[in-house]
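Subject: Structure for you to look at

Hello,

Here is the structure I said I would pass on. Please open it alongside this email, and my notes follow below.

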2 protein chains.
Amino acid sequence: MRASAFHITTLKEAPNDAEITSHRLMMRSGMIRKLAGGIYNYMPLGLRVIRKVEHIIRQEMDAAGALELLMPVVQPAELWMESGRWEQYGPELLRMKDRHGRDFVLQPTSEEVITDIARNEIQSWRQLPVNFYHIQTKFRDERRPRFGVMRGREFTMKDAYSFDRDVASAQKSYQVMFDAYMKIFSRMGLTFRAVSADTGSIGGSQSHEFQVIADIGEDLIVYDPASSYAANIELAPAPCLLTQRQAASAPLTPTPTPGAAKCEAVAELLGTPLSQTVKSIVLATDPEKGPAQVWLLLLRGDHELNEIKTGKVPGLNKGFRFATEAEIIEHFGCKPGYLGPVKMVKPVKVIADLTVANMHNFICGANQEDFHLTGVNWARDLPEPDLITDLRNVVEGDQAPDGKGTLAIQRGIEVGHVFYLGTKYSEALKATFLDEGGKPALMEMGCYGIGVTRIVGAAIEQNHDAKGIVWPRAIAPFEVAICAVGWGKSQAVRDAAEALYAELKAKGVDVILDDRDLRPGIMFAEWELIGPPVRITVGERGLNDGVIELLGRKQTEAARVPLSDCCTQTLALLETY
Amino acid sequence: MRASAFHITTLKEAPNDAEITSHRLMMRSGMIRKLAGGIYNYMPLGLRVIRKVEHIIRQEMDAAGALELLMPVVQPAELWMESGRWEQYGPELLRMKDRHGRDFVLQPTSEEVITDIARNEIQSWRQLPVNFYHIQTKFRDERRPRFGVMRGREFTMKDAYSFDRDVASAQKSYQVMFDAYMKIFSRMGLTFRAVSADTGSIGGSQSHEFQVIADIGEDLIVYDPASSYAANIELAPAPCLLTQRQAASAPLTPTPTPGAAKCEAVAELLGTPLSQTVKSIVLATDPEKGPAQVWLLLLRGDHELNEIKTGKVPGLNKGFRFATEAEIIEHFGCKPGYLGPVKMVKPVKVIADLTVANMHNFICGANQEDFHLTGVNWARDLPEPDLITDLRNVVEGDQAPDGKGTLAIQRGIEVGHVFYLGTKYSEALKATFLDEGGKPALMEMGCYGIGVTRIVGAAIEQNHDAKGIVWPRAIAPFEVAICAVGWGKSQAVRDAAEALYAELKAKGVDVILDDRDLRPGIMFAEWELIGPPVRITVGERGLNDGVIELLGRKQTEAARVPLSDCCTQTLALLETY
């Protein structure tokens, strides 16, 4: 490709709505242009990256035996009604009517359609296992689209769906996809972790996320540097920090804590460690009949509630909300900030985190404004909790669940997700096959997504510097940029640049020749922003000495390389990206 | 690819709604599966063909210097309001609202978005010319989707848009695309014609359609076998068949023609040639103010009205409709079937086709039920027409417009269309650039479409026999199928088939090895239906003689070929497809 025949329009400044680095750099380098909120044009430069990402995915999916097909963007509502998701899905599901008034959706994902295909196409166990995938436009009508391609509304996703005759076979299919994903993200040159994850609303019972490590990530990843353990913080079990409960040794004492409604303020006021305090969180559930039920959850003052774990507590697993102030006053006789499990006005179910259940002489709200209780002890001052369970997020330094080391925490951007679905969809859509005995059986399903366009943003978050993007070679829009300095004036420059361009192309290198005759400063800044791994500068001064300049994008100083050696050294330098 | 690892599900019968051959064969071979009216899943077999079609298009577009980008499926209504098409487009434009109530459309085409990109990205004449294209999902909410992928609602289209600084440059861009299209459809192995076409509602002033010749085609193509002339019948000028008007020689005579409301019936009743009759067509226009205006169009009895030409008549070029019976009775005092230009009750504008204007002693309706007039002559019996112009479709045998031969007519399926748009969209969206003199000028535009998914149907309409599809090699889902007969039983068959499979793959042949251990009859019928150009049969009997069977899809008898020679002969046979 020649730059004069390509479309390069970089911007000095990113628009104001670009809040994060990848969004800013994609706008500035001209990879994307905004069409509407969360809807972007992929310009030629951006599309080159997307195509390389897709190519790697397609190769590894094919190698793993998955079959590519293409399901439509517009899907009939009937199938979504059959699965129940027409009701369950919120406003993120974009719904519309055709000219005859029939309901359709813009697909956010394709479980329904693929299950419909499977029930029509697959009759016998002989046709199983099978794994279908497509790379297709998706739409999720996010309430607040932002971060460019990271949380857009229209985006490209690869989604695969496996169908198996039994659980054992389905778990093999899951593992095949897991392994393929490891290869895919490795080939892209990304630093990532596969982490155990919650299965969430999509259903199913086993799940891993593939998280690209980046400070901007919305997910917290918990891992053990000493082992292979890694999980989304949503799922990572938190240990009990106190092996056994010690005997009470302080009297129960109501203590004035005026204005100290948070544990941090109470600990500071009383001069005690935060780990001596207990925070009270009041939740409510709305049963189908009767008034709301109120629950009290107790966590150590320095810990945070994990809502995924909370949602798995029997009684809370059909949905919960934070209690209203009226409900709180009704049960505790006190406004929030000073609540506790001792002497409630109208006692509620009390759930204690594992650690809280083993605390002694602790501090909690007194159910009286501006007062806390110190020296609180289970059994002596209040009944044992109704339930003791893991309610909190792990923190750095917690013991790893595999017992090998202590946990560390990183932020990650989810770019892939594998789910073992079981029969959730095959049951809803009655997708059966005849087993070896000739009896109908439900297909065991898995689903496997990769956010194609999000990968581009995640890769940039992980690979950039102050000047611009620093692409891993595998997904760079170009591998090499040849900057011809003085193109217009110097035949020697043109000849040397053209020869090098031809030589690199012949070696299969994805190279762009910058023949735009720009000033070197402008040209260099543009390629630093766009970020191909290698930049070669061909200029008259160097040519007089028989050399060109070779610069890796991560290097600060260019190497002077003899013309005859340039191709070889370029290939070697590329190997390091 | 091995058939055991692929998804092949052929059907004995096509569903009832499959009215045409390509639809039936695509359903039966398992290329597509219907999801909703006009919305199809492209199954792995069908997607292979689509990908080959896309690959050829992409290669030739890139070679022609066009730049690929990707514009979204969901587009904001604002741009469509700016161009005026939000109002003009009928219910084929699927409109919807997002969660915030903002209007969006599912793109049927992308003139608005690309023009928006151009006005933002292109500031200077130095950035021109440029041609952007994408291959993307389109949606047109057809009232009556049918014929499978031929007139679907969701489909894949390649659309390109050129931007130039002036008309001369735009015409060069147009020619570059025209040439690229010739290469694209030639490479696909299709028999097609590039024909002059009407520019229709998309605007612009020059246009060619690329029509795949097929009996089922909805378009009539007029061509001169003796020259390069070819046009859509909508556009082909029809000659005047009478060089001059002869003098009146028969008396004007009201003649009873009871029940003969059509020219054919009148001619038969009166024993005159159909070419002596004149048919009256009454149209109406609805001006912004005042009552409808009624027009009378006169065509020779054996000719057909060309509505595109009619729509270009001054006064009718802002839209017309057929007159209501009430309007007809008001102006002619008679119900339809017996109308004519002589002695109207309330005279209307009369437009005569070129040939009608030179007729003498002709027959037309008498404006009296069950009566026609014979011996009608211009000037003597009625005033000269208000306008004489070409109103009719050409017929076989008409003189070609280039004067070289006589016209023939074929049916075609439109698979590509190139338009010179001029400044229609750049004016509406104010897409200007600074010219060499530093003054803002409107960009000259062209647009260029190819119906990717429709090509698949068109190719099948043109290439099939009673057994199934007969693919041109370039877009066949597989080039070669190796049928291993007795796979389960015979090690010799397995070894020979595997060796051949490996050899052909190494030569770059797209080959599928049928290792499903099916009975030969079933296997052969399936591959005849699916239609790869070459089938190789490896069986124990042949192997005993050291031969396999090689069969081209168009051949009826297989050749016995020595194993050692099979690869070479397969490659040679493939060359003929």
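Start in chain B with two helices, α2 (residues 44-63) and α6 (residues 167-187), whose axes come within 9 Å and cross at roughly 150°. Please keep in mind throughout that this is a predicted model. Angles over 145 degrees count as roughly antiparallel, so α2(B) is roughly antiparallel to α6(B). The crossing of α2(B) with α6(B) is right-handed.

Which residues make this contact? From α2(B) they are B:Ile56, B:Ile57, B:Gln59, B:Glu60 and B:Met61, and from α6(B) they are B:Met177, B:Ala180, B:Tyr181, B:Lys183, B:Ile184 and B:Arg187. Sorted by class, the contact of α2(B) with α6(B) has 7 nonpolar, 1 polar and 3 charged residues.

A second pair in chain B is α13 (residues 491-506) and α16 (residues 566-575), with axes that come within 10 Å and cross at roughly 50°. These two helices are therefore oblique to each other. The crossing of α13(B) with α16(B) is right-handed. On the α13(B) side the contact uses B:Leu500, B:Glu503 and B:Leu504, and on the α16(B) side B:Cys566, B:Cys567 and B:Thr570. By class, the residues of the contact of α13(B) with α16(B) are 4 nonpolar, 1 polar and 1 charged.

The axes of α1 (residues 21-28) and α11 (residues 452-462) of chain A come within 8 Å and cross at roughly 105°. Angles of 65 to 115 degrees count as roughly perpendicular, so that is the term for α1(A) and α11(A). The contact is made by A:Thr21, A:Ser22, A:Leu25 and A:Met26 of α1(A), together with A:Val456, A:Gly457, A:Ile460 and A:Glu461 of α11(A). The residues of the contact of α1(A) with α11(A) comprise 4 nonpolar, 3 polar and 1 charged.

Next, the backbone. Most residues other than glycine have a negative phi, and most peptide bonds are trans. The following places depart from that. In chain A, the peptide bond that joins A:Leu128 and A:Pro129 is cis, with omega about -5°. A:Pro129 sits in the loop between α5 (111-121) and β7 (130-139) of chain A. In chain B, a cis peptide bond runs from B:Leu128 to B:Pro129, with omega near -5°. B:Pro129 is found in the loop between α5 (111-121) and β7 (130-139) of chain B. As for phi, A:Phe147 has a value near 60°, which is positive although the residue is not glycine. A:Phe147 belongs to the loop between β7 and β8 (154-164) of chain A.

Last, the two chains together. Two copies of a chain are related by a rotation about an axis and a shift along it. Here, chain A is superposed on chain B by a rotation of 180° with 0.1 Å of shift along the axis, at an RMSD of 0.2 Å. That is the relation of a two-fold axis. Within chain A, A:Met96 has the C-alpha nearest the axis, 2.9 Å from it.

How many residues does each chain give to the contact? Chain A gives 52 residues and chain B gives 52 residues. Of the interface residues of chain A, 100% are also interface residues in chain B, so the copies meet through the same surface.

The size of an interface is often given as the accessible area lost when the parts come together. Chain A and chain B bury about 4400 Å² between them, and 61% of that is on carbon and sulfur atoms. The residues of chain A that lose the most area to chain B are A:Leu70, A:Arg99 and A:Glu121, which together account for 16% of what that side buries.

Regards

Key: Residues numbered from 1 in each chain as written. Chains lettered and ligands numbered in written order. Predicted model: local features only at pLDDT ≥ 70, side-chain atom pairs only at ≥ 80, totals over all residues. Heavy atoms only, no water. Axes fitted to C-alpha atoms, helices over the stretch in contact; angles between N-to-C directions. Helix = DSSP H or I, 4+ residues; strand = E, 2+ residues; numbered from the N terminus. Parallel < 35°, antiparallel > 145°, perpendicular 65-115°, else oblique. Left-handed = near helix turned anticlockwise from the far one by under 90°. Contact = heavy atoms within 4.5 Å. Nonpolar A, V, L, I, M, F, W, Y, C, P; charged D, E, K, R; others polar. Least-squares fit on C-alpha atoms with pLDDT ≥ 70 in both. Buried area = accessible area lost by both parts, 1.4 Å probe.
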